[in-house]
Amino acid sequence: MENISSIRHIAFIMDGNGRWAAARGLPRTAGHTAGAKAFRNIVEYCGDLGISTVTVYAFSTENWRRPQSEVTAIMKIFSEYLGYAEKECGKKNIAVRFLGDKSPFGEKTAARMTALEETTSGNFFTLNIAVNYGGRADIVHAVNKLISDGKKTVTEDDITGALYTAHSPSPDLIIRTGSEKRISNFLLWDCAYSEFCFSDVLWPDFDAKELDRCLEDYYGRKRRYGGL
Ligand code: IPE
Ligand code: IPE
Ligand code: MG
């Protein structure tokens, strides 16, 4: 694909795991397991394409409303992923960053997340994993940080610089799988001029071919940022 280097940041709303499982007569958790595999593959493919920042929406501030059994299963998959990332991200030159408040995951898991961020920092590719993330919570957290720093009034740059995503450029392209056409509280501040691609593919089936299709669509567009 041409011009691939001009995409700096792709973000994914990884939706459709539950429906993928239901269509196969499997429990929803099987969809989350399959989704985690698709996630690892897509991160690897984005690396092959030279895309330097990838952000994934893994668990929202609202997803705690799901049945306890599903939340527990997702947390187990997340913990397994941490084990994989601890072994693999260094080798793959990936710097992992978590977007969101880590405290609900408990002290032990939060410490593992911070350690992973520290040991991988400085690697070339950035992988932002949004867990317990909400776009509104991100903005509120940023504003509170600025207030505690003594700010009385704030600028756009102040807020941009205080978000969980402060270290990343804003996303060029946000891809949502699973047919829904909404943002579901993802990257509300950052998406001001992002392009969107909505795919009918359910996340566990999302692959390199479908990503290529989204990128082709993206490269056919003209971004104007309000100008002409
Ligand atoms: C996305 O898939 C994963 C999370 C939100 C954790 P869903 O679990 O929302 O799958 P559907 O939308 O019910 O199919
Ligand atoms: C968005 O999907 C959150 C993640 C993919 C982590 P949801 O399935 O939670 O979104 P809604 O409920 O359909 O808006
Ligand atoms: Mg969903």
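Which element gives the most to the lining of the largest pocket? In this predicted model, that element is α2, with 5 residues.

The pocket itself has a volume of about 740 Å³. It is lined by 30 residues, and those closest to its centre are M14, N17, Y57, A58 and N63. Besides α2 (28-49), the elements that give two or more residues to the lining are α1 (17-23), β2, α3 (68-88) and β4 (125-133). By class, the lining of the largest pocket has 14 nonpolar, 8 polar and 8 charged residues.

The space of the largest pocket is taken by ligand 2. Around ligand 2 stand I13, M14, D15, Y57, A58, F59, N63, R66, R176, R182 and S184. In this shell the largest share comes from strand β2 (residues 53-60), which supplies 3 residues. Sorted by class, the shell residues are 5 nonpolar, 2 polar and 4 charged.

Several side chains of the shell make polar contacts with oxygen atoms of ligand 2. For D15, a polar side-chain atom lies 3.2 Å from a ligand oxygen. For R66, the distance from a polar side-chain atom to an oxygen atom of ligand 2 is 3.2 Å. In the case of S184, an N or O atom of the side chain is 2.6 Å from an oxygen atom of ligand 2. Taken alone, ligand 2 exposes 390 Å², and the protein buries 78% of that area.

Conventions
Residues are numbered from 1 along each chain as its sequence is written. Chains are lettered from A and ligands numbered from 1 in the order in which they are written. This is a predicted model: local features need pLDDT of at least 70, side-chain atom pairs count only at pLDDT 80 or more; totals for chains, interfaces and linings use all residues. Side-chain values use heavy atoms; hydrogens and water are left out. A residue is near a molecule or strand if one of its heavy atoms lies within 4 Å of it. A polar contact is a pair of N or O atoms within 3.5 Å; within protein, one must be able to donate a hydrogen and the other to accept it, and residues adjacent in sequence count only if both atoms are side-chain atoms. Accessible areas come from the Shrake-Rupley method with a 1.4 Å probe; for residues, only the protein chains shown count as cover. On a 1 Å grid over the protein atoms alone, a cavity is a set of points where a 1.4 Å probe fits but cannot get out, and a pocket is an open set with protein on both sides within 12 Å along at least five of seven lines; lining residues have an atom within 4 Å of a point. A molecule sits in a cavity or pocket if more than half of its atoms lie within 2 Å of its grid points. Helices (H or I, at least four residues) and strands (E, at least two) are DSSP runs, numbered from the N terminus. Ala, Val, Leu, Ile, Met, Phe, Trp, Tyr, Cys and Pro count as nonpolar, Asp, Glu, Lys and Arg as charged, and the others, Gly among them, as polar. Grid points are joined across faces, edges and corners, and a volume is the space filled by probe spheres set on the points.
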